Amino acid sequence: ATLCFQAFLQMCNLPIQVVCRANAEYMSPSGKLPFIHVGNQVVSELGPIVQFVKAKGHSLSDGLDEVQKAEMKAYMELVNNMLLTAELYLQWCDDVTVEEITHPRYGSPYPWPLNRILSYQKQWEVRRKMKAIGWAGKTLEQVLEDVDQCCQALSQRLGTQPYFFNKQPTELDALVFGHLFTILTTQLTTDELSEKVKNYSNLTAFCRRIEQQYFEGHDRDSSATAAARSAKRSLLR
Amino acid sequence: MAAPMELSCWGGDWGLPSLHPESLTVMAYAKFSGAPLTVNTINNPWRAPKGDVPVLISEDIVISQPAKILNFLRKQKYNADYELSAKQGADTLAYIALLEEKLLPALLHTFWVEAENYCSVTKPWFASRMTFPLSLYLPGKMSREALNRILLTRGGPPIYSLTEVEAQIYRDAKECLNLLSKRLGTSQFFFGDTPTTLDAFVFGFLAPIYKVCFPRVQLQEHLKQLPNLCRFCDDILTCYFRLTVSGHSPAGQDTADANLQKLTQLVNKESNLIEKMDDNLRKSPQHPPRKLTTLKLAAGGEESSPLNRLSP
């Protein structure tokens, strides 16, 4: 999510400084990451941040007509609904991943026993949510199939265009980039998730293009941002 | 010919074949694709395998969620999306996600959480369709599940009270309705002239909001300000659910034409019926005379509702 939003701000040509803090979740007004701190205002979550940036006069979707805006919102919901939930599922409901990767990463800034307690708490919370929306009964294969379907839809929508709408990037591009890049570059116990995404060559080309276009200026800091990204991911939701 | 397929789902009222959005979606899809389904209304969801509703039973195969049921029907060659391009297929998925994220919480809230609605309409209706003693327990459970789902998916900080969550979900739902209306525009269905999966889902979610008479109706009122969506629901109800021609043929176009003729006849019959009802009401000692405003195309069980809703 951090990445979605770094991409979005880059696309708007707004300079940002990435800082990581162990208690970032508590500093955020909504308890969710990422959040931005501008002057004396603090805004969190992608939706409100987009509104905030728009109010300041920067918007990426002004060139779209009403029907396209409706489509964009629908696709953003698809990404949130499918990809985000699948990422959460993999991180917190798949026992192997949970034991080997998530628990250590989530608890790493804290001493024992706080790290275990906080990770279990988070896990319980996520599992409750999965149960409420009906994902608790899904097996890993079904989740991967859903991700595949979502990627297929995104790939078909993207087609051969450089961005999802016309030649200009929009919030949807930032969101999709953030999620896909995270999936492609995060180390998990199995590579199945990233394999699913790699099946769609136009999606991988899309990610590479955005990375080169908007993040290459930070090559020097790439090690710093990579460390920031992995630290932030340990606090991911 | 495929094996006979049976769908178990909640029954209907107020002119709808079912009050349950997911059941309605499956029924609409079956009509669109010409799949021969026998519909059973259930009164004991626990007897249904896995306890989920709606559930499709075909020989030994039992399938329970709408998405899976639709997939199964497609595999049996009842495919309403045959003419869609790949991009339109992708759009379908996206819009369905939009419906589930933005509209469903408000729908659940209107039916199951809003106290006045739940106590005066939803609970008695569902309880009357369930066997005793389930009727004492199950509506409450469904209500708690709905509230749980709303709070867990929408209720995180900075929203700390239920009223704020409610305000947010209704805002989202109204925005979603506006987006759907813009997308539909003036065409008859979402992708041209033939209905597809997306139409089934939208109908399944919108029709209960549109037709069921609740005391608290802010979502319905908002929907009524979007005439193309109302027309969309009415069209599907009249073409696909009222007039069962040899309605299982996949030639949707022919049945639509035949339906149109029957529609005209039905309109005349209905307006006569409504005038008669109006006369009866005028003569009835309990109700003061009510004005009839524009009459929508409505079927039997529903004539009383436009009249009831005209209270000042």
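This is a predicted model: local features need pLDDT of at least 70, side-chain atom pairs count only at pLDDT 80 or more; totals for chains, interfaces and linings use all residues.
**Stop 1: the core**

Start inside. The largest nonpolar core holds 147 residues. Select Leu154(A), Phe177(A) and Phe206(A) in chain A, then Leu103(B), Trp112(B), Phe203(B) and Phe232(B) in chain B. These are the residues with the most contacts inside this core. Now colour helix 3 of chain B, residues 86-113. That helix gives the core its largest share, 15 residues.

**Stop 2: Thr110(B)**

Go back to helix 3 of chain B and pick Thr110(B). Is Thr110(B) buried or exposed? Its relative accessibility is 10%, so Thr110(B) counts as buried. Show what surrounds it. Beyond residues up to four places away in sequence, Thr110(B) touches Asn117(B), Tyr170(B), Phe214(B), Arg216(B) and Leu219(B).

**Stop 3**

Side chains of opposite charge can pair when their charged atoms come close. Over all chains, the structure holds eleven salt bridges.

Arg216(B) forms one of them with Glu116(B), with the closest N and O atoms 3.1 Å apart. This pair links distant parts of the chain, 100 residues apart. Glu116(B) sits in helix 4 (residues 115-128) of chain B, while Arg216(B) is in the loop between helix 7 (197-211) and helix 8 (218-224). Glu116(B) is partly exposed, at 40% relative accessibility. Arg216(B) is also partly exposed, with a relative accessible area of 43%.

Next, select Asp234(B) and Lys211(B). Their salt bridge has its closest N and O atoms 3.2 Å apart. Asp234(B) belongs to helix 9 (residues 227-242) of chain B and Lys211(B) to helix 7 of chain B, 23 residues apart. Are these two residues buried or exposed? Both Asp234(B) and Lys211(B) are buried.

**Stop 3: across the chains**

Show both chains and select Glu175(B) with Lys73(A). Their side chains meet in a salt bridge of 3.5 Å, N to O. Glu175(B) lies in helix 6 (residues 162-184) of chain B and Lys73(A) in helix 4 (residues 66-92) of chain A, so this pair joins two chains. Glu175(B) is partly exposed, with 30% relative accessible area. Lys73(A) is partly exposed as well, at 34%.

Then select four residues together: Glu71(A), Arg157(A), Lys87(B) and Asp91(B). They are linked in a network of salt bridges.

**Stop 4: a nonpolar patch**

Switch to a surface view. Phe132(B), Leu136(B) and Tyr137(B) make a nonpolar surface patch of about 380 Å². Pick Leu136(B), which is in helix 5 (residues 134-154) of chain B. Leu136(B) has a relative accessible area of 61%; exposed means over 50%, so this leucine counts as exposed.

How values were computed. Residues are numbered from 1 along each chain as its sequence is written. Chains are lettered from A and ligands numbered from 1 in the order in which they are written. Side-chain values use heavy atoms; hydrogens and water are left out. A nonpolar core is a set of buried Ala, Val, Leu, Ile, Met, Phe, Trp, Tyr and Cys residues joined through side-chain atoms within 4.5 Å. Buried means under 20% relative accessible area, exposed over 50%, partly exposed in between (1.4 Å probe, protein chains only). Helices (H or I, at least four residues) and strands (E, at least two) are DSSP runs, numbered from the N terminus. Patches are made of residues with over 30% relative accessible area and no salt bridge: like charges are joined within 9 Å, nonpolar side chains (Val, Leu, Ile, Met, Phe, Trp, Tyr) within 5 Å. Accessible areas come from the Shrake-Rupley method with a 1.4 Å probe; for residues, only the protein chains shown count as cover. Contact means heavy atoms within 4.5 Å.
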